[in-house]
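Student: I'm new to this one. Could you show me how to read it?

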Amino acid sequence: MAEATANGLGQHALHAGHAHEAPAAAAHADVHQEHPIKLYLVVWAWLFILSTCSYLVDYFGLHGYLRWSLILIFMILKAGLIVAVFMHMAWERLALAYAIILPPILVLVFVTMMIFEADYTLFTRLAFFGSGP
């Protein structure tokens with residue numbers, strides 16, 4: 001038995017012999033952590049502020065790239081708050097957070113690359129084929 005516990009293989013068998021420790025270990029596994037209500041109220045306030053800012057973009061009549069940039073920035077910030085706090089990603093391991101956050105960032109990078117490529121393609125077609133029918 002000493003050889004098994006030296007490399008960690010017999011730990012469960014050693015602790016199973018103590019009957020009075022088993023309920024404490026089971027109760028410890030069922031403990032769940034609650035976050036203070038202030039955290040949720042602060043996040044709700046930030047979501048309200050960001051939503052108000054996204055509506056103000058339309059209210060002030062902004063157009064073009066500025067409008068869409070602001071709307072997307074506010075949308076990403078709101079989604080990040082919701083994922084971080086309400087879906088508890090802020091308290092997860094870093095690898096899991098990267099698995100959730102990294103793909104949308106890469107999609108945004110690729111969309112940006114496609115936008116520049118589309119402009120280049122349009123300008124090339126106009127230069128070689130002209131703008132007429």
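Student: Which helices each supply at least two residues of the lining of the largest pocket?

Tutor: Let's start with the terms. On a 1 Å grid over the protein atoms alone, a pocket is an open set of points where a 1.4 Å probe fits, with protein on both sides within 12 Å along at least five of seven lines, and lining residues have an atom within 4 Å of a point. Helices are DSSP runs (H or I, at least four residues), strands are E runs of at least two, and both are numbered from the N terminus. Here, helix 5 (64–86) and helix 6 (94–129) each give at least two lining residues, with the largest share, six residues, coming from helix 6. One caution: this is a predicted model, where local features need pLDDT of at least 70, side-chain atom pairs count only at pLDDT 80 or more, and totals for chains, interfaces and linings use all residues. Residues are numbered from 1 along each chain as its sequence is written, and side-chain values use heavy atoms, leaving out hydrogens and water.

Student: What volume does the largest pocket have, and which residues are closest to its centre?

Tutor: A volume is the space filled by probe spheres set on the grid points, which are joined across faces, edges and corners. For the largest pocket that is about 330 Å³. Of its 13 lining residues, Ile76, Ala79, Gly80, Ile101 and Pro104 are the closest to the centre.

Student: How do the lining residues divide into nonpolar, polar and charged?

Tutor: Ala, Val, Leu, Ile, Met, Phe, Trp, Tyr, Cys and Pro count as nonpolar; Asp, Glu, Lys and Arg as charged; the others, Gly among them, as polar. The largest pocket's lining has 12 nonpolar residues, one polar and no charged.

Student: And what lines the second largest pocket?

Tutor: Its lining includes Tyr65, Trp68 and Ser69, along with Leu108 and Val111. Helix 5 gives the largest share, five residues, and the classes come out as seven nonpolar, two polar and no charged. The space inside is about 260 Å³.

Student: How many helices and strands does the whole chain have?

Tutor: Six helices and zero strands. As for burial (under 20% relative accessible area, with a 1.4 Å probe and protein chains only), buried residues are 8% of the 133 in the chain.

Student: Which residues does UniProt list as "transmembrane region"?

Tutor: Such annotations may be inferred rather than shown by experiment. The unreviewed UniProt entry lists 39–57, 69–89 and 95–116. In the model, residues 39–57 are 100% helix, with end C-alpha atoms 27 Å apart; residues 95–116 are also 100% helix, with ends 31 Å apart.

Technical notes: Buried < 20%, exposed > 50% of the residue type's maximum accessible area, 1.4 Å probe, protein only.
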